[in-house]
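Welcome, and take a moment to look over the sequence and the model. We will start from one residue and then widen the view.

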Amino acid sequence: MLTGEEATDELQQQEAKLEPQAVPAPTWAVGGARKDYLHWDDYFMSVAFLSAMRSKDPSTQVGACIVNPDKRIVGIGYNGFPAGCSDERLPWARAAPNELDTKYPYVCHAEMNAILNKNAADVRGCTIYVALFPCADCAKLIIQSGIAHVVYVSDKYRDAPAFVASRRMLDLAGVRCRRHVSARRRVTIDFGAADAATAEEAGTDGTL
């Protein structure tokens, strides 16, 4: 028969077995997730800026990225001449005595190309990310296509008639517009980063 002291010791041992034990963090969790990743707005605006680098316009390169409510990219585009129209046979000038000798009658804006290049049935309820606030012609396309939000970086032409009209139409149609302000001044794409992993960063099977 157990003495009172022995019974107490045994009870304490049994209670200790029932107490939850601290579980060490798994080795893969040590250090935690990256903190300097791109946030969604920065990511989609970066795609728009990257698309702009495809433009052959020597004076203005603009890209656009359309994103659905599930944060999936459904269309991208950049400013340029229509498909089949040679970049060498149409003018890129911004000014000339004859307007037909400028780029303006011919060029398709980034917003137009992104909408026409969509890979979804439609773009209703989507958000379009674009470097410059849309002109009046692009605003019409945005409204008619059902895009709900416009996110832009610059509104430097805001006092020009085409942009005053654009804002008026977008406001009347209920399309919400906001300026994108990022904490980042730039985003760098480094193709060499893929080869930069050290042996310590690689797993035993060579994966990262």
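Let us begin with S145, which touches I115, V123 and R124 when residues up to four places away in sequence are left out; a contact here means heavy atoms within 4.5 Å. Before going further, please note that this is a predicted model, in which local features need pLDDT of at least 70 and side-chain atom pairs count only at pLDDT 80 or more, while totals for chains, interfaces and linings use all residues. Residues are numbered from 1 along each chain as its sequence is written, and side-chain values use heavy atoms, with hydrogens and water left out.

Where does S145 sit? Its place is in helix α4, which covers residues 136-145. Helices (H or I, at least four residues) and strands (E, at least two) are DSSP runs, numbered from the N terminus. With a relative accessible area of 14%, S145 is buried; that word means under 20%, exposed means over 50%, and partly exposed lies in between, using a 1.4 Å probe and protein chains only. A polar atom of the S145 side chain also lies 3.0 Å from the backbone oxygen of I142.

Now to the cysteines. How many disulfides does a search of the whole structure find? The count is 0, where a disulfide would be a pair of cysteine sulfur atoms within 2.5 Å. C135 is in no disulfide, and its nearest cysteine sulfur, that of C138, is 3.8 Å away. C135 counts as buried, at 11% relative accessibility, and C65 is buried as well, with a relative accessible area of 0%.

L38, W40, Y43, I73, I76 and V187 make a nonpolar patch of about 490 Å². The elements giving two or more residues to this patch are α2 (40-52) and β2 (73-78). Patches are made of residues with over 30% relative accessible area and no salt bridge, with like charges joined within 9 Å and nonpolar side chains (Val, Leu, Ile, Met, Phe, Trp, Tyr) within 5 Å. A salt bridge is a side-chain nitrogen of Lys or Arg within 4 Å of a carboxyl oxygen of Asp or Glu. I76, in strand β2, is partly exposed because its relative accessible area is 41%.

Finally, step back to the whole protein. It has 5 helices and 5 strands, running α-α-β-β-α-β-α-β-α-β from the N terminus on. Of its 208 residues, 29% are buried. Among contacts with a separation of 6 or more, 61% join residues 24 or more positions apart.

Technical notes:
Areas by Shrake-Rupley, 256 points an atom, 1.4 Å probe, with all protein chains shown as cover. Polar contact = N/O pair within 3.5 Å; in protein donor to acceptor, adjacent residues only side chain to side chain.
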